[in-house]
There are 2 protein chains.
Amino acid sequence: MLQGHQTWVFNNKPTILATAAVGGPYEAEGPLAEDFDTLHGDLWMGQDSYEKAERKMVEEACEIAIRKAGKQKQDVQFFLCGDLLNQIISSSFAARTLAVPFLGLYGACSSSMESLALGSLIVDSKSGNNVICGAVSHNAAVEKQFRYPTEYGAQKPPTAQWTVTGAGMALLGDKGDGPRVTSATIGKIVDMGISDPYNMGGAMAPAAVDTITAHFRDLGISAQNYDLIATGDLGRVGHNIAADLFKKHGLVVPAEIFTDCGLMIYKKDQPNVFAGGSGCGCSATVTFGHIINRMKKGELHKVLIVATGALLSPLSYQQKESIPCIAHAVAIEYN
Amino acid sequence: MLQGHQTWVFNNKPTILATAAVGGPYEAEGPLAEDFDTLHGDLWMGQDSYEKAERKMVEEACEIAIRKAGKQKQDVQFFLCGDLLNQIISSSFAARTLAVPFLGLYGACSSSMESLALGSLIVDSKSGNNVICGAVSHNAAVEKQFRYPTEYGAQKPPTAQWTVTGAGMALLGDKGDGPRVTSATIGKIVDMGISDPYNMGGAMAPAAVDTITAHFRDLGISAQNYDLIATGDLGRVGHNIAADLFKKHGLVVPAEIFTDCGLMIYKKDQPNVFAGGSGCGCSATVTFGHIINRMKKGELHKVLIVATGALLSPLSYQQKESIPCIAHAVAIEYN
């Protein structure tokens, strides 16, 4: 790989053998409801804590993806997963259930594509086969940890986003039919000095633009290469900032192919969602549900998913730090 | 890779171009003090919070490793790091300073070898060069987050371990002189039902034994292959349990080559350390300081580092969960 480059090209193009998306009640009311494999009617999901509900979604999504691929649990060679909870307990405890070699990741909401990028590297380099990659978030578990318990009814500004309750998983293999992962660009931290945790989209937009710019530069391509470029969870505010930054940098990314998973997952007038969806589960469920389904229907052939992550913690916020942001991009093709 | 196997063999044997170990006042009083590149006289390290001190150690260790290898920051292609703080802020904020593509990891105290394993995969598969891998922990930052602020003076049982204040980093390259990474075994979660966060070593010992057994099985080798097998931070209690488990499973691991970084880093009679050292920085500093130095002196030729991680969070403990544990093993050779 060339000095200064940050993009992996997967010559063997790992195959996405199957994907799964599990969601909650808000996602069931959104426009992508039909793209979920399972939708839970309430946030508890039969568990006695929101954290256990989050873990359950990971376990379900893994099980569904394995079943859809016609595989068994013992066929899975590695599991790569991340979530927003402290010490990524949802991922780790689900890894206990899955009982396969586990690599825990943390990239905040970029974890979905961090796991897909690393999982693809493992399969592409023949270092493993049948690798499960994904991420999860749960609205109430995350609100409780990052902000306030939802029962407090704390008010939010319109720039705030609504954390998706959902898990998205992909099972990757070295052969078989399905969309193929062709490249991945690993992001650098971009921090523009924003410290408002109710404006994550605005904070993350420059990181998304930085990674997309690097992706085009490393591969010598332009936005024309893709039918769809979807950022992870910039929401309405961040999406507009990203579009402005493209113009400012003289990068042509046509509005009709540039979208955001956080804008897609909820209706515009859905109550409480404010500027759109967010959370690890946002890009994970939209990509491994809706977008992969559209590829399989022949509606999309080449997509670039740019999962964005705000790498703050409640403590770093209390210590008056700004928010370091990152974005990892993965290109998927299906003809 | 064979079905059921969990070991990566690195045919190109990535080179450890340089390493760095940064420590604190307790480490300065330990028997390995001379193997640290920098030792801080107090836990604040000139910062106004323990969390910022933890981050500073990562930044220092990266800088030292880069300098020792005769490289520049801009030569570094990827940075892989993990720590114990919520949302791995020490790693992420150091990644902002380093300004290179970043992959955030979380494997608790197994993060040191998780990063070395994945970094070696990146270099071995020619997906990157000059990759920095490592992990960090800070005694007071970790105590405050996982247990009580140290100022409370909470009492501890003798099975408790003392979190190492230290950062260990390695700079990996595809050529050059230095110890070589030859293989890595990615661990599965092992949970024997222990829920006492003051007996981490006991909880993690079965995971270490599971990974070492898998490593021997996958490569068709025995303990004779190594001059030294060092677990991460089992401490006195866990080390004895691991030795017992080897006997029980009929696995011969001679006592004279089997040790633990948590037993090495402090003197046996050093105050407060109880059953030994722990934390992400324990295996990271002992490996990337002392052990690599011994290899360079010709005292050791083939070592297996088995970093162990207890994947609990304060919340999972409060919810009465047991502790899922994991261990990742990396083999390093130098002739």
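What follows is a short chat about salt bridges in a predicted model.

Biologist: How many salt bridges are there over all chains?

Modeller: A search of the whole structure of this predicted model gives 26 salt bridges over all chains.

Biologist: Which side chain does Lys144(A) meet in a salt bridge?

Modeller: Lys144(A) pairs with Glu51(A), at 2.8 Å from N to O. The pair links distant parts of the chain, 93 residues apart: Lys144(A) is in helix H5 (residues 139–146) of chain A and Glu51(A) is in helix H2 (residues 50–68) of chain A.

Biologist: Is Glu51(A) buried or exposed?

Modeller: Glu51(A) is buried, because its relative accessible area is 5% and the cut-off for buried is under 20%.

Biologist: Change of topic. What does Arg96(A) meet in a salt bridge?

Modeller: The side chain of Glu321(B), at 3.5 Å from N to O. Arg96(A) lies in helix H3 (residues 89–98) of chain A, and Glu321(B) lies in the loop between helix H10 (314–318) and strand S14 (325–333) of chain B, so this pair joins two chains.

Biologist: And which residues are in the network with those two, Arg96(A) and Glu321(B)?

Modeller: Arg55(A) and Asp191(B); salt bridges that share partners join these residues with Arg96(A) and Glu321(B) into one network.

Biologist: Where do Glu333(B) and Lys302(B) lie?

Modeller: Glu333(B) is in strand S14 of chain B and Lys302(B) is in strand S13 (residues 302–310) of chain B, so their pairing ties together parts 31 residues apart in sequence. Their salt bridge is 4.0 Å from N to O. Glu333(B) is buried at 18% relative accessible area, whereas Lys302(B) is partly exposed at 26%.

How values were computed. Residues are numbered from 1 along each chain as its sequence is written. Chains are lettered from A and ligands numbered from 1 in the order in which they are written. This is a predicted model: local features need pLDDT of at least 70, side-chain atom pairs count only at pLDDT 80 or more; totals for chains, interfaces and linings use all residues. Side-chain values use heavy atoms; hydrogens and water are left out. Helices (H or I, at least four residues) and strands (E, at least two) are DSSP runs, numbered from the N terminus. Buried means under 20% relative accessible area, exposed over 50%, partly exposed in between (1.4 Å probe, protein chains only).
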